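Please read them with the structure open.

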Amino acid sequence: LFARPWDFVKGCVRIDDLPPTDRTEIAFAGRSNVGKSSLINALTGRVNLARTSNTPGRTQELNIFEANDAPLRIVDMPGYGFAKAPKKTVETWTRLIHAYLQGRPNLRRVFVLIDGRHGPKPADETVMNELDSAAVSYQIVLTKADKPKAGELEKIVAKTDQIIAKHGAAHPEMLITSSEKKDGIDGLRAVIAQLLAT
Ligand code: GTP
Ligand code: MG
């Protein structure tokens, strides 16, 4: 699946811009700057497929990626929580994010990315609550695992597990990744392949 050449298809600023629901979708959500676009690049093995930046608020649309004939569509989302953008713009993204996450019938799983240096923030729990209410399958992915020291990462993992446990028993196991070091990427690929097989 990820040996195929993945391409950028379009950026959607409104729900009406989205492609038809003919393919299974997975989406990458998370606070601004958590590493959503970087993870998509690592996943697809493309250096700059999804544009990344040091400045929170880089991704401003629902960006759609597809590979020829692949039964999967990847959706890169704008970040929530904070962004270096005008308040009105952030409100527009926030509405778009929520409309997409709660109303997309072919959305098979949302990967909720959490910064491995900081662990879950209130905005992450809000999104988890919303996905629980909408009965959308989601899986937590810790990012930037190359950054914290070993002992710190363990604490963040434990804290994140506690939060996940509060959200019921049915959630798939958290993934720990580094797009920089390509750690955990094969594991993420395997999860996605398994989703398509079931
Ligand atoms: P928005 O689109 O602004 O919401 O951000 P995003 O979640 O798409 O984050 P992006 O992928 O643009 O990455 C943000 C910053 O984090 C960039 O400077 C990346 O180089 C850095 N980054 C992403 N993943 C990793 C990682 O695994 N390790 C390290 N050390 N840095 C990373
Ligand atoms: Mg981005």
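1. Helices (H or I, at least four residues) and strands (E, at least two) are DSSP runs, numbered from the N terminus. On that numbering, Lys 182 sits in the loop between β7 and α5 (185-197). The model is a predicted one. Lys 182 has a positive phi of about 60°, although it is not a glycine. Most residues other than glycine have a negative phi. Lys 182 counts as exposed, because it has 12 C-beta neighbours inside 10 Å and the limit for exposed is 12 or fewer.

2. Asn 33 also deserves a look. Its phi is near 80°, a positive value in a residue other than glycine. Asn 33 belongs to the loop between β2 and α1. Is Asn 33 buried or exposed? Asn 33 counts as buried, because 24 C-beta neighbours lie inside 10 Å.

3. Start the pairings from β1. Strand β1 (residues 6-12) pairs with strand β3 (residues 62-67) in the antiparallel sense, over six bridges. Trp 6 has Ala 67 in β3 as its bridge partner.

4. On to β4. β3 and strand β4 (residues 72-76) are antiparallel too, with four bridges. Phe 65 stands opposite Ile 74 in β4. The two strands, β3 and β4, form a hairpin with four residues between them. Asp 69, in the turn, has a positive phi of about 65°.

5. Strand β2 (residues 24-30) runs parallel to β4, and five bridges join them. Glu 25 stands opposite Arg 73 in β4.

6. The largest nonpolar core has 44 residues. Those that touch the most other members are Ala 27, Phe 28, Ala 29, Ile 40, Val 110, Val 112 and Leu 113. Strand β5 (residues 107-115) gives the most to this core, with six residues. In soluble globular proteins, nonpolar side chains tend to be buried together.

7. Leaving aside neighbours within four places in sequence, Ala 29 is in contact with Met 77, Ile 97, Leu 101, Val 110, Val 112, Leu 113 and Val 127.

8. Leu 113 lies in strand β5. With 26 C-beta neighbours inside 10 Å, Leu 113 counts as buried. Leaving aside neighbours within four places in sequence, its contacts include Phe 28, Ala 29, Val 34, Lys 36, Leu 39, Val 141 and Thr 143. The C-alpha atoms of Leu 113 and Thr 143 are separated by 6.5 Å, although the two are 30 residues apart along the chain.

9. Now helix α1. Nine of its nine residues are buried, so α1 is largely enclosed by the rest of the structure. Among them are Lys 36, Asn 41 and Thr 44, as well as Leu 39, Ile 40 and Leu 43. Just after α1, Gly 45 takes a positive phi of about 65°.

10. Which helix gives the most to the shell around ligand 1? Helix α1 (residues 36-44) does, with three residues. There are 24 residues around the ligand, and Gly 35, Ser 38, Thr 52, Thr 59 and Gly 79 come nearest. The shell divides into three nonpolar, 15 polar and six charged residues. Ser 38 is also one of the buried residues of α1.

11. Last, Ala 170. This residue lies in the loop between α4 (150-166) and β7. Ala 170 counts as exposed, because it has 7 C-beta neighbours inside 10 Å.

Technical notes. Residues are numbered from 1 along each chain as its sequence is written. Chains are lettered from A and ligands numbered from 1 in the order in which they are written. This is a predicted model: local features need pLDDT of at least 70, side-chain atom pairs count only at pLDDT 80 or more; totals for chains, interfaces and linings use all residues. A residue is near a molecule or strand if its C-beta atom, placed from the backbone, lies within 6 Å of it. Ala, Val, Leu, Ile, Met, Phe, Trp, Tyr, Cys and Pro count as nonpolar, Asp, Glu, Lys and Arg as charged, and the others, Gly among them, as polar. Two strands pair if DSSP finds at least two bridges between them. A nonpolar core is a set of buried Ala, Val, Leu, Ile, Met, Phe, Trp, Tyr and Cys residues joined through C-beta atoms within 7 Å. A residue is buried if 20 or more other C-beta atoms lie within 10 Å of its own, exposed if 12 or fewer, and partly exposed in between; C-beta atoms are placed from the backbone. Two residues are in contact if their C-beta atoms, placed from the backbone, lie within 7 Å.
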